[in-house]
Amino acid sequence: MSTQAVNGSVSRGKVLTLDTMNPNVKKVEYAVRGAIVQRALQIEKELKEGVKKPFTEVIKANIGDAHAMGQKPITFLRQVLALCSYPALLEDNKFPEDAKQRARRILAACGGHSIGAYSASQGIECIRQDVSRYIEKRDGGIPSNPDNIYLSTGASDAIVTMLKLLVCGEGHDRTGVMISIPQYPLYSAALADLAAVQISYYLDEDKCWSLDVTELKRAVTAARQHCNPRVLCIINPGNPTGQVQSRQCIEDVIRFAKEEHLFVMADEVYQDNVYAEGCKFHSFKKVLFEMGPEYSSTVEMASFHSTSKCYMGECGFRGGYMEVINMDPEVKAQLTKLVSVRLCPPVTGQALLDLVVNPPQPDEPSYSMFMKERTEVLAALAEKARLTEKTFNTVPGIICNPVQGAMYTFPRITLPQKCIDTAKEEGLAPDMFYCMRLLEEEGICLVPGSGFGQREGTFHFRMTILPPTEKLKDVLQKIRDFHVRFTKQFS
Amino acid sequence: MEKLVLARRASQIKEELRQRMRNHKQVIDVSWGDPQSAGVKPLSFVRQVLAACLYPDLMNSNTLPLDIRQRAQRLLGECAGGSVGSYTATAGISEIVYRISEFITKRDGGAPSQPENIYISPGSQWALSNILKVLVNSEASPRTGVLTPEPCYPLTTFSIKGLGGVTVPYHLSEEQGWELQVEELHRALDSARGVCNPVALYVINPGNPAGYVQSRKSMQDVIRFASEKRLFLLADEVYQECVHGEKSEFLSYKRVLAEMGPPHSDTVELASFHSASKGFLGECGLRGGYVELVNLDPDVMKCIHKLFTIDSCAPVLSQFALDLMTNPPQPGDPSYPLYSKEIQHIKTMMAHNVKRVFEVLNSLLGFSCQPLEGGAFAFPRLYLPPKAIQKAKEMEVEPDMFYCIRLLEEAGVLVKPGWEYGQKEGTHHIRFCIMTSEDTMEEVLSRLSSFHTQFMKDFS
């Protein structure tokens, strides 16, 4: 048997080549797991093999993964999930009664009383009901219908599904999707894959990345020349920028969406991650309904949430949901059909989501530990947000907006002309060149601003604020020293 | 939309029964390939490892056997931050992917499997969707075609169409035990001329819904055909652990391809799919599957990688399930006796179910069932009386759908109608899961027999 059997070194023309494959897939880029991360993984391998470097570990501050950076899981959540996985533990008195009660309830809703059975494609019914109740409570009593809740494999899955449903038409009539610059590159990747038209609207860096309706208007008007704008995506709290939109801003966006007849996709996965004084999370749905029936009965919307962020940080579970509002019933039927292709979201993720929307109550045994852990996580994040902003703003050549929420900082960096020229020669975006150098010299992995989009001629990087405080201080100092060194080197 | 009709009616009836306990019966749902919902217990060692990984506190006592704790320790050590809540590498935790490649190599009699060609995904259909996305150009004219078996697993055909592709059915030969005949592949390909541009050939082995297991010769014929006609081979092998026929043996397409030697072994482009949902694990709800890509263009592999990065990664617990599936307890491990007992129980259960289903269905007038060689379902042929077909027509539903609705309403058994899978014009079938507890299977067969006898009488 040939030992060359693996990647076809025989020169027979392949069936599937760059020329014959779906051209849209070629345009897909997802910077968060892109080229710089590949290099970081390579370096980690080299370190393991004993190669000498100026550092002993690679700090992966490129991805919003809290547990990878040492954040501890919330005890209650894991107890219930362990009970669900191995129900024999329900006899074990090491587990508190409220955890057992939730596990029993979840198992009773599963086929064969097992998390190993398929669930309905839309998600386990009683969990969707719990999600609705959570939304109602969060939004001051505004009703939520469990039928409008779709559980998903992380929020990303629901976002992509929604876009699939919305993108249609050809040529001039092709769906245009408005997305912020900078944006979380899942959106640009999905739009490329679906061959939708990306309509970029710029957030205002000088005003703490706020959203200005005049900019939205500019973008959509220009776009109408060559496509059919139908969707407006907004991430709040923002990624990579961390801005928390004011209530007034959200109202303006909704008004704009109604005027321009746009479907609003509100990505709210960081809704618990709000740190800055004076900032508050306002759900799009709540604001929509408080604007009265003229808006609440007409504006079509989907809001997204996830178990990956907030205080849970359970990225590895791929749990999430979306709530659809004012969706045409026939379209909804198609949506229900579409989600059935993947059978169902992971049941463990659904179970986790149930606990997130149905946490221990004050009269329950697990309450005090749960609240303690939750508060600690969010307080630590808030502290790290402040520390990050403060430190970066002491560096000449780095301007850092306050990290109002989410998990990232997206500071602007000044790059000398020589750096820009060198980067061009190497075929790299200047901030990619910068980040690669930082990776090689300090073992710190960030994502260049070019991966998220930015105004022409500006450069940024996205760093997570997730490493433990002491390590973060170290990382910030290293970046500061690197930046000064780099600037000198390329001046 | 008719599929939703049946599902909706099923929910309605389940609700009514729950409220009124009509005939003191509960609805038995055997319409999915979901063993655990049909009474089959999960493997203890799998669930113990998952529990320990979820709540590592469990490792501080002797609640769980030593080898379980050791496995959990190792797996957590392979997770970023030692937590199952972290993201992993796009294709999966590298150590797990490596172990899967070792499993494949061993399974395939030494034909090497490269870890970098393996991607773990939330269920095999997810990976299949990604590969189809690369193959199917929705803007192409003529449209991209994929040869699919008839009958076929409907989610795959739905995926292909959803991506803007066209399915080109090749009929499996029911009278020959659902044999895949190469002449039929040729006929199907010819029929596509001028209609679409066929780029891929999708095979399911062991089959779904039909319970065949391909012979090596049949698989070689398929490979030769794919090679000659320049088709990308998609091999859906999720039922590889479900082989019942005494003379049947599962061989992977990878293995058969490798053992054919060059030029085929070096050139035929293949994607094979496996899953933790079927077989002895039956962990459908965990959503764990993988694809192994063979002989692909390196530039295309880079694009495929980028496509998988958008999904971040498969759930960590799913990755663990695949690891446990491919690395079960060995003799000498503390967990081995219980594991061995549980596996044997499932084997005995399947042997019982296969025997009973085959004999009961073939004893009923109006049913005929091909030998159940593998897979998780029975797909017997229904010979409906003309009066029943007429009634179905009046109700504007397919005849076998009409039968299924009646079966649900009168006997409380939910199965799937053959028309959902594609079948030869004028033939009718039903599909139901046979990976159920023995009691459930007996109950299903009992209710089905009574119902069927009455139905045939009513419409004679």
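This is a predicted model: local features need pLDDT of at least 70, side-chain atom pairs count only at pLDDT 80 or more; totals for chains, interfaces and linings use all residues.
**Ground rules**

I number residues from 1 along each chain as its sequence is written, and chains are lettered from A and ligands numbered from 1 in the order in which they are written.

**Confidence**

I looked up pLDDT, the predictor's confidence in each residue, from 0 to 100. Chain B has a mean pLDDT of 94, and 95% of its residues reach 70 or more. For the complex, the predictor gives an ipTM of 0.94 and a pTM of 0.95.

**Record entries**

I turned to UniProt, whose positions are given in the numbering used here, with feature names shortened and annotations that may be inferred rather than shown by experiment. Its unreviewed entry places "domain: Aminotransferase class I/classII large" at residues 57–448 of chain B. For chain A, an unreviewed UniProt entry lists "domain: Aminotransferase class I/classII large" at residues 79–479.

I count helices (H or I, at least four residues) and strands (E, at least two) as DSSP runs, numbered from the N terminus. Residues 57–448 of chain B are 43% helix and 15% strand, with end C-alpha atoms 48 Å apart. Residues 79–479 of chain A are 42% helix and 14% strand, and there the end C-alpha atoms are 39 Å apart.

**Second largest pocket**

I used a 1 Å grid over the protein atoms alone: a cavity is a set of points where a 1.4 Å probe fits but cannot get out, a pocket is an open set with protein on both sides within 12 Å along at least five of seven lines, and lining residues have an atom within 4 Å of a point. Grid points are joined across faces, edges and corners, and a volume is the space filled by probe spheres set on the points.

The second largest pocket holds about 2100 Å³ of space. I found 49 residues in its lining, with A:Leu41, A:Glu44, A:Lys60, B:Ala89 and B:Ser94 nearest the centre. Among the elements that give two or more residues to this lining are helix H2 (35–48) of chain A and helix H4 (94–107) of chain B. H2(A) gives the largest share, eight residues.

I sorted residues by class: Ala, Val, Leu, Ile, Met, Phe, Trp, Tyr, Cys and Pro are nonpolar, Asp, Glu, Lys and Arg are charged, and the others, Gly among them, are polar. The lining of the second largest pocket has 23 nonpolar, 14 polar and twelve charged residues.

**Cavities**

I found seven cavities of 30 Å³ or more. The largest cavity holds about 230 Å³. Of its 24 lining residues, A:Ser156, A:Tyr184, A:Tyr270, A:Lys309 and B:Tyr87 are the closest to its centre. Helix H6 (residues 154–166) of chain A supplies the largest share of this lining, four residues. By class, the largest cavity is lined by twelve nonpolar, seven polar and five charged residues.

The second largest cavity holds about 160 Å³. I counted 17 lining residues, and A:Val160, A:Arg342, B:Trp126, B:Ile310 and B:Asp311 come closest to the centre. The lining of the second largest cavity divides into eight nonpolar, three polar and six charged residues.

**A salt bridge**

I took a salt bridge as a side-chain nitrogen of Lys or Arg within 4 Å of a carboxyl oxygen of Asp or Glu. Over all chains there are 54 salt bridges. In one of the pairs, B:Glu175 bridges to B:Arg381, with the closest N and O atoms 4.0 Å apart. B:Glu175 sits in the loop between strand S4 (166–171) and helix H7 (182–192) of chain B and B:Arg381 in strand S11 (residues 381–382) of chain B, so this pair ties together parts 206 residues apart in sequence.

**Backbone**

Most residues other than glycine have a negative phi, and most peptide bonds are trans. I noted a cis peptide bond between B:Ser141 and B:Pro142, with omega about 0 degrees. The bond from B:Glu150 to B:Pro151 is cis, with omega near 10 degrees. A:Cys208, not a glycine, has a positive phi of about 60 degrees. I place A:Cys208 in the loop between strand S4 (197–202) and helix H8 (213–223) of chain A.

Methods:
Side-chain values use heavy atoms; hydrogens and water are left out.
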